[in-house]
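Keep the sequence and the model in view while reading.

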Amino acid sequence: MHGFAYKNGSLHCEDVDLQSLADEHGTPLYVYSAGTLRDHYTRLDQAMAGVDHEVAYAVKANSNLSVLRLLAGLGAGFDIVSGGELFRVIKAGGDPAKCTFAGVGKTRGEIEYALRQGIYSFNVESEEELRFLNQVAGDLGLTAPAAVRVNPNVDAKTHKYISTGKSENKFGVDFELIEGLYARAAAELPHVKLRGLQMHIGSQLTSIQPFIEAVEKVTPLVLSLKEKHGIEFWSIGGGIGIVYHDSLAAGSVDWWDEKSEQERPLTLSQYGQALVPRLKDLGLKILLEPGRAIAGNAGVLLTRCLFEKKGTAKTFKIVDAGMNDLIRPALYEGHHEIVPVTEPGDTRVSVDVVGPICESGDFFCQNRELPDFQPGEGVALMSCGAYGFVMASNYNTRPLPAEILVDGATATVVRQRQTLDDLVAGEL
Ligand SMILES: *Cc1c(COP(=O)(O)O)cnc(C)c1O
């Protein structure tokens with residue numbers, strides 16, 4: 001569910017008309033719903049009631065300071081993947097003691113910064129990294145809290161670029177090698193404290209089965225590590241999928257209620273129902289690392305149609321957002337529902353919606369039946385709250401779009417659109 005819907009013939013975010021935002025702030029424009037962010041966080045938190053747990057929001061999904069501040073205010077922890085993300089969390093008032101630091105390639109500078117800030121755990125992805133962490137912590141006279149990421153070798157059945165839990169992925173340490181690694185670390189690495197175990201099998205999982213499979217497979221391992229090394233937490237990662245295809249309709253509770261159990265996509269409450277019984281008696285603190293499930297359907301990218309170009313083979317709708325603003329279609333074959341800001345009639349046309357960038361991969365859809373819209377009209381790309389703005393670039397020397405956070409009837413610019421001077425700042 002989310003806060004985007006047509007009201008009086010015009011697409012709104014909560015109580016704010018998106019056309020008026022586009023007119024006032026220009027396009028392309030990212031718009032987020034504070035109510036939706038709160039709702040998703042709270043639903044997941046409540047779904048895990050009965051387990052000692054913490055929701056550590058995956059900052060990389062949407063790292064705007066105002067988004068982080070909102071989540072910090074709800075008590076969230078944060079899963080970070082760089083020193084830069086830790087800096088953002090601290091700027092936003094988040095607590096470093098609730099931060100876990102993931103990623104296969106942390107630098108000395110990043111490790112030192114995170115050690116000095118007192119983060120909760122380094123989630124380590126190789127023995128080499130664990131030894132390096134021990135060395136850096138020793139040099140500073142500190143002890144580094146650490147968890148190793150186990151690769152449970154389960155198939156997340158998601159896009160190959162966002163599947164991370166198979167042996168052939170670069171992530172984590174093979175399941176069979178974990179016990180040996182913890183034993184060596186306990187014996188040989190005095191500046192590391194083994195605090196937990198971590199896993200994350202992939203992103204945009206729309207079935208509960210791979211989560212269950214991974215939890216059941218790793219449970220004996222985590223209990224053994226608790227027994228032998230006194231670990232206190234198990235992070236079961238993120239990866240909960242969202243609805244992309246029927247994104248607009250899925251904003252309303254009716255859409256979910258009308259579906260049978262079999263047809264209904266994975267919900268946060270199903271996730272909790274399946275996992276809580278399997279996790280509640282382990283005597284471990286359970287960390288969750290959701291990114292997309294919190295932010296994905298809490299944002300849209302507003303763009304404007306510039307031209308309609310009719311070729312012999314196709315009709316192209318050229319819009320003012322490009323792959324530099326939203327790269328998911330080009331990078332992951334990501335699907336974003338495309339809807340006119342003014343509520344359309346029933347006419348459907350088969351079109352490619354493309355951006356202005358000089359790349360053939362610069363499209364938002366190809367040969368898709370869409371409600372018709374004309375040059376000058378506003379159009380929303382749905383489900384752009386996660387892995388949207390954070391992956392935007394200045395390719396083709398295009399300024400980064402502005403970001404707006406809507407809360408009820410209030411719209412706040414939470415990041416200004418870049419200016420032409422911003423684009424060359426720092427260059428000789
Ligand atoms: C990206 C990532 C996440 C968040 O994934 P979502 O699919 O957005 O929930 C969580 N943990 C780790 C280690 C990640 O790399």
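Helices (H or I, at least four residues) and strands (E, at least two) are DSSP runs, numbered from the N terminus. On that basis, Tyr 387 lies in the loop between β19 (378–381) and β20 (402–407). The model is predicted: local features need pLDDT of at least 70, side-chain atom pairs count only at pLDDT 80 or more, and totals for chains, interfaces and linings use all residues. Residues are numbered from 1 along each chain as its sequence is written.

**Annotated binding sites**

- UniProt positions are given in the numbering used here, feature names are shortened, and annotations may be inferred rather than shown by experiment.
- An unreviewed UniProt entry lists Arg 292, Arg 328, Tyr 332, Glu 359 and Tyr 387 under "binding site". They span 96 residues in sequence, and the farthest two C-alpha atoms are 26.9 Å apart, so they do not all gather at one spot.
- Under "binding site", the unreviewed UniProt entry also lists Gly 239, Glu 289, Pro 290, Gly 291, Arg 292 and Tyr 387.

**Burial and contacts of site residues**

- A residue is buried if 20 or more other C-beta atoms lie within 10 Å of its own, exposed if 12 or fewer, and partly exposed in between; C-beta atoms are placed from the backbone.
- Two residues are in contact if their C-beta atoms, placed from the backbone, lie within 7 Å.
- Tyr 387 is buried, with 24 C-beta neighbours inside 10 Å. Leaving aside neighbours within four places in sequence, Tyr 387 contacts Ala 61, Arg 292 and Arg 328.
- Arg 292 lies in helix α11 and is buried, with 25 other C-beta atoms within 10 Å. Beyond four places in sequence, the contacts of Arg 292 include Ser 203, Gln 204 and Tyr 387.
- Glu 289 sits in the loop between β13 (285–288) and α11 (292–295). Glu 289 counts as buried, with 26 C-beta neighbours inside 10 Å. Beyond four places in sequence, its contacts include Asp 79, His 200 and Ser 235.
- Glu 359 is in the loop between β17 (348–354) and β18 (363–371). Glu 359 is partly exposed, with 14 C-beta neighbours inside 10 Å.

**Ligand shell**

- A residue is near a molecule or strand if its C-beta atom, placed from the backbone, lies within 6 Å of it.
- Of the 17 residues around the ligand, Ala 58, Ser 203, Gly 238, Glu 289 and Gly 291 come nearest.
- The shell has seven nonpolar, six polar and four charged residues. Ala, Val, Leu, Ile, Met, Phe, Trp, Tyr, Cys and Pro count as nonpolar, Asp, Glu, Lys and Arg as charged, and the others, Gly among them, as polar.

- Two strands pair if DSSP finds at least two bridges between them.
- An open sheet of three strands runs in the order β1-β2-β3, with antiparallel pairing.
- Strand β2 (residues 10–13) pairs with β3 over two bridges. Cys 13 stands opposite Val 16 in β3.

- Most residues other than glycine have a negative phi, and most peptide bonds are trans.
- Tyr 387 has a positive phi of about 55°.
- Thr 397 has a phi near 50° and is found in the loop between β19 and β20. Thr 397 is exposed, with 9 other C-beta atoms within 10 Å.
- The peptide bond from Thr 27 to Pro 28 is cis, with omega near -5°. Pro 28 is in the loop between α1 (18–25) and β4 (29–33).
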